[in-house]
Every structure is written in structure tokens, then in C-alpha cells.
Amino acid sequence: MEMINVQQAEDIILSQYQDYGKESIAYQLALGRVLAEDILADRDLPPFDRPTVDGIAIDFTAYEEGLRSFNIKAIQSAGEASVPINSQTECIEIMTGAALDNTLNAVIRYEDMTIENGIAHLNIEIKKGQNIHLKGKDKSAGEVLVKANLVITPAIIGIAASVGKTSLWVKKLPKIAVISTGDEMISPELAPTAYQLRRSNGITIQSVLEKYKIAADLLHLNDNYNEIKNELIRCIAQYDVLLMSGGVSMGKFDYLPQVCEEVGIEKLFHKIKQRPGKPFWFGKSRNQKLAFAFPGNPVSVFMCLHRYFIPWLEKSLGIPQSSPLYAILGNDIEFPFSLQYFAQVKLQINEQGQLIANIVDTNGSGDFSHLAETDAFMELPLEQNTFRKGEVYKVWRYSFLNL
């Protein structure tokens, strides 16, 4: 199979999206999960006519007939049963959010009256219905308050609580194993020799998945054919998705592509016309388990994860696909290779409200230090080698903290 382009790779991956079903969980645990049901109003909102200010409530008919002073019959606070008036000469002193009785239809602020000896005197002209939030004005009972397929935010949890939804149906998450490979890679807790590196790809992938409330399992395999084979047989049976890094290039010990196919994971593609991340391998098993095998360089892993895996995950979870994000190139760049280049960029919004992407010079896909100071990859078209300041291209964000 010949090397494919970025769009072809995206199409193949997104065609393999899967629905993992739904489950019911306590609303306190739902932050960051994907809602799998509409949240409905369990009653009219607001559930009663209520004042929007502190003051007095009157029958407007009395005002129309010339009355400007009213005897205070009672004081009513929020949460109490509504108090009616028995005569148009009466009013109720009432607090914001209290339940307004149907004998009352206008509310006057304390600032617009004087109260002496239990009698309220109006100082302004008023209108019928003023300062009242009418029953059902926001939503009627049974109306949709929150639509399904949204990522659950603190606001959505607050709405759920307000209608008594203490359990929420959410999308089930795929079970994921994150597998790094390589004899030269050691645990971050250890001191490396002059020829070793500390492992970082696995924890990076695991950390990105935490945003989606996925607790992925972390494994590391040495470059041993039988060890890799045995672990892949176990993992492809136990997990829905394998996210692997390393072992997919052309080296003598890059066993992953061969082992994957030997254990029944069919190759859907291997190698994309892109930099970084050219050797990316993708396949699926007979029982629809998926394997994303990224190159081992940290920047390649980071780019492939955000450019391919995250869109697949969001589609599988039913999250509506957001419109592509575009930015204006802030500086010139040359890329003299017949590959689609994903450049690390720092984003900023200028005084005209435009999103500007400034290219940050790096030393290739092994130079991961700049990921901390940048915000996104800018996807530069395959057909060009020269890109000029002011041109507009798509960006894939991985940082949301700096804007």
C-alpha cells in the first residue's frame, strides 16, 4: 500500500468510529463526561410568578383607580406559601424570588416608595406586570433544557440539580491501553545512562485522555518480538483501543507493524505524507478493536494524537464536530519537502480580534521542549513549499490556557 495523504488518513480513521453505549452515573461524577440524554424541565420555570426585586406587591387595578398608598398586610419571604390580599387597599411586602399570589400583579421596589406606620406610599408611575418573572416564562414543563451529546460542564450539572436529575445518562468510554516500546526507554523515576531516555509518551497520552475522563492503563514493552506479541494478544482481547508509540518505522527492531498483523489486527494504513508523524500505523481487529501506532518521537505522538485520535474519540462519543479553527500566519516559513508540514505555533489575538499563529523554530520531531510554550499545530498544505505572513491555514489546538 502506498503512502497516503493527511485527508485520506483522517477519512479512514473517522470511518471507524464506534458507539460504546451509555451508562447512568451520579451527577456529581458527571463533569467532563458526554451527556447521553436530553435534560427536561420537570415543571414550569420559574414554577410560579416571582418578584425580581425586593419591595411591595399590589393589584394594579387599584393603582389605575388612583390609589397611591397601600396598607402592608404581611411580609413574605422566598420559600414561604404565597399570601393573598383581601382588599385592593392592601399590599404584601415581598422579597425577590418569593411566590407571588394571583391577587397581585405589580411589584414596586423599596427605592421607589416610602413606608411609614405600616403604609407604603408610591413615588413613581408604575406599569402592570412590572418587576415580575412570570411562571413558565423561561421554559414549560417537559421542554428541553440541555440537549444530549454535550460535554457536561459545571453549568449543566447545576441545571440537572435544579430539575432533580441526580443521575445522568452519559456515553460509555472506550477502554484504552497506552503502550510505549523501546529498550532505550526507562521509567521516569530512574537515572538514565548516557544511552538511555526517560519514558514520557505514555504519560503524555494518558494525561490528554484525562480531559475526557478516560483512565487509560499504561504499559511499556521492550523490543522483544515474543514479548510484544504476547502482550498485544492480551491487550487486543481486553481493551477497545490500543494507543502505541514507537516501533513502527523501518528499524531492525521496529516490530509493531508485523506483530499487529500476526495477532489479527488488519492494517488500514501505514505511513502518511506528513511531518512529523510520517510512519503512523493504523489498524483494526476482527472484533472491531482499534490500534493507533504512533511514531516514537514525542512531537509526532502529540501531533498524531490531536490531529487523528481526538477527532475519532469525539465522533465516537457523539460530540458535535466543531468547525475547523483557522489562524493567520504571523511569519514566513519555507518547508522544502513533499510532505504536509504541521508547524508548532504560538497563538495570540491581535487588536483587530484576529487569531495570529507565530511559527516557533524547532529541531524536528524529537525536540519536544517547545510544546510547553506553544498552543497548536498549524497544518500547512502539501502542495506548497513557501508560506507567507498573512496567509490563513487550519490549526489544531492542544493548549487552551494562553488565550
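The crossing of helix 1 and helix 7 is right-handed, where right-handed means that the near helix is turned clockwise from the far one by less than a right angle, and left-handed that it is turned anticlockwise. This is a predicted model, in which local features need pLDDT of at least 70 and side-chain atom pairs count only at pLDDT 80 or more, while totals for chains, interfaces and linings use all residues. Residues are numbered from 1 along each chain as its sequence is written, and side-chain values use heavy atoms, with hydrogens and water left out. Helices (H or I, at least four residues) and strands (E, at least two) are DSSP runs numbered from the N terminus.

**Helix 1 against helix 7**

- The contact (heavy atoms within 4.5 Å) is made by Val 6, Ala 9, Glu 10, Ile 13 and Leu 14 of helix 1 and by Arg 307, Tyr 308, Pro 311, Trp 312 and Lys 315 of helix 7.
- By class, the residues of this contact between helix 1 and helix 7 are seven nonpolar, no polar and three charged; Ala, Val, Leu, Ile, Met, Phe, Trp, Tyr, Cys and Pro count as nonpolar, Asp, Glu, Lys and Arg as charged, and the others, Gly among them, as polar.
- Helix 1 (residues 6–14) and helix 7 (residues 298–316) pack at an angle of about 30°, with their axes 9 Å apart. Axes are lines fitted to C-alpha atoms, for helices over the stretch in contact, and angles run from 0 to 180 degrees between N-to-C directions.
- Helix 1 and helix 7 are therefore roughly parallel to each other, a label for angles under 35 degrees, with over 145 roughly antiparallel, 65 to 115 roughly perpendicular and the rest oblique.

**Helix 4 against helix 7**

- Helix 4 and helix 7 pack at an angle of about 30°, and their axes are 10 Å apart.
- Helix 4 and helix 7 are therefore roughly parallel to each other, and helix 4 passes helix 7 in a right-handed crossing.
- Helix 4 contributes Asn 201, Thr 204, Ile 205, Val 208 and Leu 209 to the contact, and helix 7 contributes Pro 298, Val 301, Phe 302, Leu 305, His 306, Phe 309 and Ile 310.
- The contact of helix 4 with helix 7 has nine nonpolar, three polar and no charged residues.

- An open sheet of six strands has the order 16-13-17-21-20-18, with mixed pairing; two strands pair if DSSP finds at least two bridges between them.
- Strand 16 and strand 18 (265–270) are the edge strands, each pairing on one side only.
- Neighbouring strands of this sheet are turned by 20° against each other on average, direction ignored.
- Five of the five residues of strand 17 (residues 241–245) are buried, so strand 17 is largely enclosed by the rest of the structure. Buried means under 20% relative accessible area, exposed over 50% and partly exposed in between (1.4 Å probe, protein chains only).
- In a regular strand the side chains alternate between the two faces of the sheet. Val 241, Leu 243 and Ser 245 point one way from strand 17, and Leu 242 and Met 244 the other way.
- Strand 13 (residues 176–181) pairs with strand 17 in the parallel sense over five bridges, and Ile 176 has Val 241 as its bridge partner in strand 17.
- Strand 17 and strand 21 (residues 290–294) run parallel and are joined by five bridges; Ser 245 has Phe 294 as its bridge partner in strand 21.
- Strand 20 (residues 281–285) and strand 21 run antiparallel, joined by four bridges, and Lys 284 stands opposite Leu 290 in strand 21.

**Helices across this sheet**

- Helix 4 (residues 201–210) lies across strand 13, strand 16, strand 17 and strand 21, and runs at about 160° to strand 13.
- Helix 5 lies across strand 13, strand 16, strand 17, strand 18 and strand 20, and runs at about 160° to strand 16.

- Another open sheet of six strands has the order 7-4-6-5-9-8, with mixed pairing.
- Strand 7 (106–109) and strand 8 (113–116) stand at the edges with a single partner strand each, so one side of each is left without a neighbour in the sheet.
- The twist averages 35° from one strand to the next.
- Strand 5 (residues 69–76) and strand 6 (residues 90–94) run parallel and are joined by five bridges; Ile 75 has Glu 93 as its bridge partner in strand 6.

**Two loop positions**

- Asp 223 is in the loop between strand 16 (217–221) and helix 5 (225–238), and is buried, with a relative accessible area of 19%.
- Asp 223 and Leu 256 are 33 residues apart in sequence and 9.2 Å apart in space, C-alpha to C-alpha.
- Asn 105 is in the loop between strand 6 and strand 7, and is partly exposed, with a relative accessible area of 21%.
- Not counting residues up to four places away in sequence, Asn 105 touches Ile 58, Asp 59, Phe 60, Lys 128, Gly 129, Gln 130 and Ile 132.
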